[in-house]
Amino acid sequence: MMRLVLIAALLASAALASARAHDAPAPAPQSKPVPKDQLLKPPADAAHYVVVSEAGQHGSQWRWQLEGGRTAYRWSQELRGWITEMDQVTTFGPGGTIEALTVRGVTMSGDAAEAYRVENGRATWKTANDAGEAPAGGWYIPAGGVGIAGAPLIEALAAAGDKGLDFLPSGKGRMTFGGTETIEGPSGPKTVQLAFISGIMPSPVPVWLDENKRYFGEVSYISLLPAGYEGALRQLRDAQDAATAEAVAGIARRFLDPAAKAPVLFDNVQLFDADKGAFLANRAVLARDGKIAAIGAAGSLKAPAGARIIDGRGKTLVPGIWDSHLHIGDDWSVLSNIANGITSFRSPGTTFDRAVDVVKRRAAGKLLMGEPFISAIVDKKDPLAAQGAEVVSSAEETVAAVRRIKDAGLWGVKFYTSMNPAWIAPAAAEAHRLGLHVHGHVPATMKPSEAVAAGYDELTHLNFVVMEAMPRAVIDKANTRQRMEGPARYFKDVDLDGPLMSGFIADLARRKTQVDPTIVIFEGMLTQDGGKPHPAYAPYMGIVSPVLERSQFTAGGYPLVEGLTRDDYRRSYAKMVELVGRLHKAGVPIVAGTDGWGIELVRELEIYQQAGFTPAEALQSATIVPARVVGADTRTGSIAVGREADMVLVDGDVSTELGALRRVTTVVSDGYVMDAAELREAAGYSGAPK
C-alpha cells in the first residue's frame, strides 16, 4: 500500500523550475481539488506515455505545447480503485528557463494543487501541505506533479555533467551514466541509456534516456514509458536491476568481509531475552563462528584471541529485528533495512524471478540483505488485480499457482482482494499440504471470518480484520477504495464488546490465527492533516531526502469522505488501536510489519504499546513471534546459546523507551559485525535518526 504511494511520488519527483523574474506571485492552491471535467484535455497529437507494470496498463500521461512558451501535462490513472486525475502547466522563459508551474487535480493522496512562481529574484511555492520561498536560482523539486513533467530536469542534469544542479527547496543533484540497451518499439529498434540521479532520494534514482540523452522513461514497480514501448519493460527492468546489483555488490563485499565475522563480545549490556519476554541488566554475550557461544553476567566472559570487544554500557542488545510486511525493493532499499537493524523479514508479494535472484545472491555474499521469507500474490484475473500477482481464472488455475509457488521455493501464498472466494478453500488446502503459509487480503464479498474458515493462517492489514463489522456494501467492494473508506467511515461506531466482534476475536484466538496489523499505515492515513511530520518519520527528517519529506513525511492523510471530518477518521483510528489491544489480550499472535520502507517499524511497536502491550511484548512481535510463525525460532529470533548471531545493539534503555530501537549502533547478521553508522552512510543517510 505505502509502496504504491512511493512510486507515485517517484514518478512525480522530477518536475522543474529555474529562476527568472515573473510578474505574478505563486497563487494559493484551491480549497477543493479541481474536478476531472475541468482539467486540460490532451490533443490528438500530444506525446503519450503509459503508466504500466507487468500486470498491465494502469494509466496514461501526456505532454503538449501551449502558446506563450508553456508546456501542458496530463495524468489519468486508476490503480485498484484509487484515482489520479491531474494536469500541470509549466511556463518557460527565454533560454529555456522555467518561470512558473501550476498543478491541479487529485491524486491517491488527495488534492494535487501546487504552485511555483519566480518574482523579483525570489522563488515561492505552495502546496496543499506546505509553502516556502528562497532566492531564485535552483531547480524546484515539487512535492507532486505529473511524472513526465520531470523530463526537463532530467535532461538538464544529463547536460550539466559533474557540476550538477542546485535544487529548491534544498539539495544538489548529479547524473552518472550506465550502459545501453536496444529495444523494439513502434518505429523499430531504438537505443536507450541507463542513468542514475543522486541527490533526489537517499539512493540513486534510475532513469532511461534516448540516444540524444533526452528523457525516455522510468522503470520501477510501476513504470512510465512512451506508448508502444510497453513490451520493453522486462528488458529494461532486468538491465536496471543488474546495474544496481553491481553497484551495491561492492558495498556488500566491504561489510561481509571474513574479518567482520571474527568473534565479538558484548559486555555490560542490557539484554532482551525474547523467549521469556524479559530485559536482563548487566549481561555479557559472546558470538563466534556465526552463533551465540556464551551468555553470562557482565564481566564474566573471556574474549577469545582476536575477538572484538564492545562495551554496552547504557545500551540494549536485542535480537535482530523482523519486519513482517516488507516488500523486497531494489538492492539499495534492502541495504537501508540492514542499517536499521532489520536482519530478517517477510516479503508478502514478490515475483518469482526477483525472489529467486535475491536469495541466490544473498547466499553467495553478493547482496547485503536480511533473511527473507517470501510469499507470492495470487489474484483473479481482473482490472483490479494486484500488480505482480499470479493471475488465475478458475479454482484449478489457483491450485496450479499454489504449486508453482512451492516449486519456486517460496514460503507462502498471499491471496488478494479480487479473488473468487470459492477458490480459497481448495487452494489453501493444497498450500497446507505443501507446507506453505496462507495469508493475505480478504477477497471482496468475503468476510474475514469466512477467509479464516476457508484456510487463512493469517490476516494481512488491520482493515481486513475490521471488515468483519463493515456493512455489506463495503465488504462487497473491498477490492476498491472501500477497503479504506469503509473502515474510516464506520469503525468509530463499532462496539468491540458486542457479540459480532468479541466472538470474532475469540475465534481468531482459538484458531491461533495471526494478524499483521500494519497499523502505522492507518495512523498516517487517518490522523494526519498534513504539514507536520508523521510520527513514524519525524526522527528521519533532515537525514533521508527533502523530496520524501515534502511528498510523504509531512503529507496529509487519506482524503476525507464527504460528510466526515478528520476527527471522525481519528475516532475510527483510535478504535483500530483498541482492536489491536483486544486481539493481543485475547491471545491472537501479532506480528509487526510496516508495508513501507522499514523505518516505520519502531513506530508500529510504539502504537502497540499505546494499545496495551508492554515494551517486551511489543518487541517480541518483531523478534521471536515472527520467527515462530515462519518456523525459524529454533535458530533465530532470540539471543540464546546455539542460536544464529543475529543481534542489534541500540543506544538507550528499550525497556522504558521503544524509540531507542531507532538508535542502532551495531548490527550483527549471520555473525557479521557491522557498524550501523557506516551502514547508514552507505545506504544514503546523512546522519542518525533523532
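1. Charge. The protein carries 71 positive and 78 negative side chains, and the centres of the two sets lie 2 Å apart. Lys and Arg count as positive, Asp and Glu as negative; His and the chain ends are not counted. Each charge is placed at NZ of Lys, CZ of Arg, CG of Asp or CD of Glu.

2. Basis. This is a predicted model: local features need pLDDT of at least 70, side-chain atom pairs count only at pLDDT 80 or more, and totals for chains, interfaces and linings use all residues. Residues are numbered from 1 along each chain as its sequence is written, and side-chain values use heavy atoms, with hydrogens and water left out.

3. Overall form. The protein has 19 helices and 32 strands (DSSP runs numbered from the N terminus: helices H or I, at least four residues; strands E, at least two). The radius of gyration is 25 Å, close to the 26 Å from the globule rule for 690 residues, so the protein is as compact as a globular protein of that length. That radius is taken over C-alpha atoms; the rule is 2.2 Å times the number of residues to the power 0.38. Along the principal axes, the C-alpha atoms fill a box of roughly 75 × 60 × 50 Å.

4. Burial. Of the 690 residues, 61% are buried (under 20% relative accessible area; exposed is over 50%, partly exposed in between; 1.4 Å probe, protein chains only).

5. Sheet. Strands S10-S11-S12-S13-S14-S15 form, in that order, an open sheet with mixed pairing. Its edge strands are S10 (139–140) and S15 (215–217), each pairing on one side only. Two strands pair if DSSP finds at least two bridges between them. S14 (residues 205–209) and S15 are antiparallel over 2 bridges. Leu209 has Tyr215 of S15 as its bridge partner.

6. Helix H2. In H2 (residues 151–160), 9 of the 10 residues are buried, so the helix is largely enclosed by the rest of the structure. Among them are Leu153, Ile154, Glu155 and Leu157.

7. Cis peptide. The bond joining Leu168 and Pro169 is cis, with omega about 5°. Pro169 lies in the loop between S11 (165–168) and S12 (172–185).

8. Lys512 has phi near 60°. Its loop runs between H12 (499–511) and S29 (514–516). Asp595 has a positive phi of about 55°. Asp595 sits in the loop between H15 (566–586) and H16 (601–610). Asp595 is buried, at 2% relative accessible area.
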